Amino acid sequence: MWDAFGFEFVNFYLIPGLVLGCIYALGAIGITLTFGILRFANFAHGEIMMSGAYLTWTVMAIAGYAGLTLHPLVAMVPATLLVILLFLGTDKFFYKPFRKSETIKVVMASFGMMLIIRSAVQVIWGPNQLTFVRGIAKPNPVLSDLSNDIGMMLIIPNKHLFIFAGTIIIVIALSYLLNRTRIGKAMRAVSDSPDLAHVTGIDVDKVIRATWIVGGICATAAGVFLVMDVQMLETTMGFRMLLPMFAAAILGGIGKPYGAVFGGLVIGLAEELSAYPWIGDTPLLSPGYKTGVAFAIMVIMLIVRPQGLFKGRSF
Amino acid sequence: MSMGQSNAVLSLNNLRAGYGQTEILHDLSIYVNPNEIVAIIGPNGAGKSTAMKAVLGLLNITEGSVVLNGEDITDTPAQKVIERGISYVPQTNNVFVNLSVQENLEMGAWTRPTGVEARLDEMYNLFPDLAEKRNQAAGSLSGGQRQMVAMAKALMVDAKILLLDEPTAGLSPKYRGEIFSTIQKIKGTGVPILIVEQNAKQALGVSDRGYVLVDGANRHTGTGADLAADPEIARMFLGGGH
Amino acid sequence: MEAYVGYFLYFLSLLTVGGIYAIFALGLNVNWGFAGLFNVGIVGFAAVGAYTYALLTTAESTYHIGGFGLPLPFGMFAAMMASAVIAGFIGLICIRLRADYLAIATIGIAEIIKLILKNETDITNGPRGINKIPRAWEHFSEERFYTSWPMSWFGTPENWEAFFDTLPNWYWQPLFAGTILLVMYVIYRMLERARTSPWGRMMTAIRENEPAARAAGKNVTRRRIEAFIIGAAIMGLAGSLFAQHLRLIEPTNTFDPSKVTFLVWVMLIVGGSGNNRGAILGAFLIWTLWSASELFITGAIDLIGNIFSTLDPSILQTRAGFLRMMLIGILMQVILQRYPGGILPEVRPASPKADKKTAGTTGETT
């Protein structure tokens, strides 16, 4: 039943695809919220993700000096706060001046932020790779045994379990926020129509702050999950992740957070599964082109169905 | 100006305003008394909707003032104006399409977040159709029902005055009638209403007073009945069709 | 005397690289200044131009296709054409996209181009890149060239070798710099003519008030694609010059969007967006700042390294590079906020523009 095909497929293609998908999904949530509520493509999002990862590493390093070993998910908390401050700061000084100008200005500003933040990280932490060691890379023995008993064997390292669990928790929390809290509903309202929200008396500035906060939490999580998965940090991470995350947001429909989650999973899976030897012995797509998959999907969406799968806003 | 002005709920006094350097309203004066329905009618481009936007602080006001219950609200930003009790229903794009009817009403109550439950019940009594559709997305409703949602949403904040911008635009005759009877119901709850309308005849039919605007300035004023009966005005816009 | 030669050569290098960037900026101005297209894929067109030129002019090699031995000007022309063709395809697909979507699309396409260059190793030698790219004027002194036509007509290899021995080894630099400046000047004049031509005035009309232009029957899409292609062709040409300057190119590090794409945008914004003169000014200004700041910071770090002997200057040097990038980024933000027109703002005929306030209370303009 569970032959070599299944084993290899699930453990080396499907699961990594889902993991990558979770990371893209979390990043895309922030992007789609910014796109929907603030109405621009935030090119700095990838770099902020990366900053979150670097800050988490630093927290763990500092704790290490003090003799403590912190789990990344714990170290993530202070890092998230700093990332939120970073988001709010860049908004106040670099994006807010352009709220009433053409979109292009704020996009250019975000492009500039992308560079400034990346350079800052390179200055502070240096351009070399840093290892993110956690000893969580070993496959989870409980899960392996359990699944082996059923007739399959799932080799899932603990780090992946944390990533899956973390993503699910964040998505559930987000859903609660957007559907059951006043500020969450206001976020959906502003995403629908900022003008109407304004004349309804909604405090749009507060909604914008909330957007950056939620985006910051999701971005930090995405960044930390990414470095947990690949177990290293480097300064090209941010830009590398940016395009697939944009693709995921566009695929799901701009302004639709669930769409972003779906889009992220699809793109993550597509990227990993494209290297699988579906037909014959060689990978369907040469692994060097993996990163192009996301982009190809995005261009097709932009031409064929710009409002995305979940009917977000088109342009 | 006539006597009713001093205890007016809302008055626009000798207003000159426009977008940037372009002046659209020229020395405009309008007032609404308590328990009144006042209609602003006029040809296309007369500046009717613009007059409403002036109240909300969305325009560049160069001269004159806007006063709400004795308080000067000229140039006050929209959110503050709404907190003071002005409720505005724009002509288009007046509901949050992806939010449910109830969520739309909840958003309407943003500036007054206490006692929302009670006011929701009031609204569902006033607009029974909406009660059954309360969990449906506002975007999936018909034009007329959407207009109802828009009005109910505007009423969630204990409005001192309701501004309606062309509430019957694009609606079928059946819904037009419903809207106007709803407007009268609202008046019955004690909220004065200022309507901008293309549909002059029906608007004057429910209004206590009316203003005819042409090219951003006052042209005629009078009671609803008088204006409706005036042959010159009839010639201007009340000709068949509407 | 040596020192003066050194200063002279440094000055020439500023003119050379500044000139190349000026050509990039002029190309970008056709996209942005003429047609309002937010093209963030500059590095992609640069790569296409550079690789086309390299593959057509380098000697035969086992690592990549080559050995065509085509004349250098032909290589540069081909670089322009290749960029133009690719821009044509991209334009057909993407030209209707709104500003930020076009930005995402062009950045993505640039990355795909680089991916292809990296992966198709048989053609391009993949990540190892192509070296020994012939540099205009310097190439004359290379054996490959003086042993073959046309130089072989005018003298024997020994004569040529002896001739080049008499020249200082930097003889080609003024010529190279001069060529680049000449190319830049020619392109500048052509673009100025274009700007005041009926085509140029139509582009301005489209950029200022698209709905009106459409209503007047102008084929807006077609004009935009034209502007996209022309700009890309110029960038391709600049790419080929870039390849000549570096003599070694490879797909990832040479064509780093932060260095090429972003720098060119900063140059255009600072110099004066929408403005050919501004493009040139911005290019030389920013490049000089960039280059000079390198000297300055290197010197400062050496000084600090001498004073604080515990600090390792080499680490600081690498990080200083990133600091410079950060400062350039901040400079751009400042200019964007305070002097949005740039140093040389565009001089345009007055046109009625929709006032910002009607754009909605939170800046929604669509």
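This is a predicted model: local features need pLDDT of at least 70, side-chain atom pairs count only at pLDDT 80 or more; totals for chains, interfaces and linings use all residues.
Residues are numbered from 1 along each chain as its sequence is written, and chains are lettered from A in the order in which they are written. Local features need pLDDT of at least 70 and side-chain atom pairs count only at pLDDT 80 or more, whereas totals for chains, interfaces and linings use all residues.

**View 1. Overall form of chain A.** The secondary structure of chain A comprises 12 helices and 2 strands (DSSP runs, H or I of at least four residues and E of at least two, numbered from the N terminus). The C-alpha trace spans about 60 × 55 × 35 Å along its principal axes. Of the 315 residues in chain A, 53% are buried (20 or more other C-beta atoms, placed from the backbone, within 10 Å of the residue's own).

**View 2. The side of chain C that touches chain A.** The contact takes 40 residues from chain C and 42 from chain A (C-beta atoms, placed from the backbone, within 7 Å). Helix 4 of chain C gives the most to this side, with 13 residues.

**View 3. Helix 12 of chain A with helix 4 of chain C.** The axes of helix 12 (residues 290-304) of chain A and helix 4 (residues 99-119) of chain C come within 10 Å and cross at roughly 140 degrees (lines fitted to C-alpha atoms over the stretch in contact, with angles from 0 to 180 degrees between N-to-C directions). Among the residues that meet are A:Phe295 and A:Leu302 in helix 12 of chain A, and C:Tyr101 and C:Ile112 in helix 4 of chain C.

Conventions. Two residues are in contact if their C-beta atoms, placed from the backbone, lie within 7 Å. A residue is buried if 20 or more other C-beta atoms lie within 10 Å of its own, exposed if 12 or fewer, and partly exposed in between; C-beta atoms are placed from the backbone.
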